[in-house]
Amino acid sequence: MTATEAHSLSLEPASLFVCVNRSASIFSALAAKARFCVNVLSAEQVEVAQRCGGRVKGEARFEVGGWREHASGLPYLPDAPASIFCDPDAVFHYGTHGIFVGRVFDVRLGPNCASLIYANGQYGAIGA
């Protein structure tokens, strides 16, 4: 899925959280405490964001972007500025969303490039 936000939570233990709508196809896997990976996308990866954001379903999401399999079995993007691998640590349900806390067990840094942002219905870039 494409998340509009993922946040760092704590340095000790290293962790982050993502908020996911109950209607998202990944929701049930995360609710069952599946491992997950957050890829920080580059400005060049708009198509990946669009595909994972609902433009296509299922395995077709992985047909672009050069996805690889991490030693943990999780898919990740080696050309992303960062890929953050997490073990599930806590789940909170609130209204239409779940808040999933992941404890970071690995980080892979990719090229130093502009990161993709999404604001006011448009994609853009920040930094390099």
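Biologist: How much space lies in the largest pocket?
Modeller: This is a predicted model, and the volume is a value computed from its atoms. For the largest pocket, the space comes to about 1,100 Å³.

Biologist: Which element gives the largest share of the lining of that largest pocket?
Modeller: The lining is made up of 42 residues, and those nearest the centre of the pocket are Met 1, Thr 2, Ala 3, Val 38 and Asn 39. Several elements each supply at least two lining residues, including strand 1, helix 1 (27–31), helix 2 and strand 9 (122–126). The largest share, five residues, comes from strand 3.

Biologist: Which element of the protein has the lowest mean pLDDT?
Modeller: Across the protein the pLDDT averages 93, and 98% of the residues score at least 70. Among the elements, the highest mean, 97, belongs to strand 7 (residues 97–109), while the lowest, 90, belongs to helix 2 (residues 46–55).

Biologist: In what order do the strands of the open five-stranded sheet lie, and which are the edge strands?
Modeller: The pairing in this open sheet is antiparallel, and the order of its five strands is 1-2-7-6-3. From one strand to the next, the twist averages 35°. The edge strands, each of which pairs on one side only, are strand 1 (6–11) and strand 3 (36–40).

Biologist: Which residue in strand 2 is the bridge partner of Leu 11?
Modeller: Strand 1 and strand 2 pair in the antiparallel sense over five bridges, and a hairpin of two residues joins strand 1 to strand 2. The bridge partner of Leu 11 in strand 2 is Ala 14.

Biologist: Is Gln 45 buried or exposed?
Modeller: Gln 45 is found in the loop between strand 3 and helix 2. Leaving aside neighbours within four places in sequence, Gln 45 is in contact with Val 40, Leu 77, Asp 79, Ala 80, Pro 81 and Leu 116. Its relative accessibility is 7%, and because buried means under 20%, Gln 45 counts as buried.

Biologist: What is the relative accessible area of Ser 42, which lies in the loop between strand 3 and helix 2?
Modeller: Not counting residues up to four places away in sequence, Ser 42 touches Pro 81, Cys 113, Ala 114, Ser 115 and Leu 116. Ser 42 is buried, and its relative accessible area is 5%.

Biologist: How far apart in space are Arg 108 and Ala 90?
Modeller: In sequence, Arg 108 and Ala 90 are 18 residues apart. In space, taken from C-alpha to C-alpha, Arg 108 and Ala 90 are apart by 23 Å.

Terms used. Residues are numbered from 1 along each chain as its sequence is written. This is a predicted model: local features need pLDDT of at least 70, side-chain atom pairs count only at pLDDT 80 or more; totals for chains, interfaces and linings use all residues. Side-chain values use heavy atoms; hydrogens and water are left out. pLDDT is the predictor's confidence in each residue, from 0 to 100. Helices (H or I, at least four residues) and strands (E, at least two) are DSSP runs, numbered from the N terminus. Two strands pair if DSSP finds at least two bridges between them. Axes are lines fitted to C-alpha atoms, for helices over the stretch in contact, and angles run from 0 to 180 degrees between N-to-C directions. Buried means under 20% relative accessible area, exposed over 50%, partly exposed in between (1.4 Å probe, protein chains only). Contact means heavy atoms within 4.5 Å. On a 1 Å grid over the protein atoms alone, a cavity is a set of points where a 1.4 Å probe fits but cannot get out, and a pocket is an open set with protein on both sides within 12 Å along at least five of seven lines; lining residues have an atom within 4 Å of a point. Grid points are joined across faces, edges and corners, and a volume is the space filled by probe spheres set on the points.
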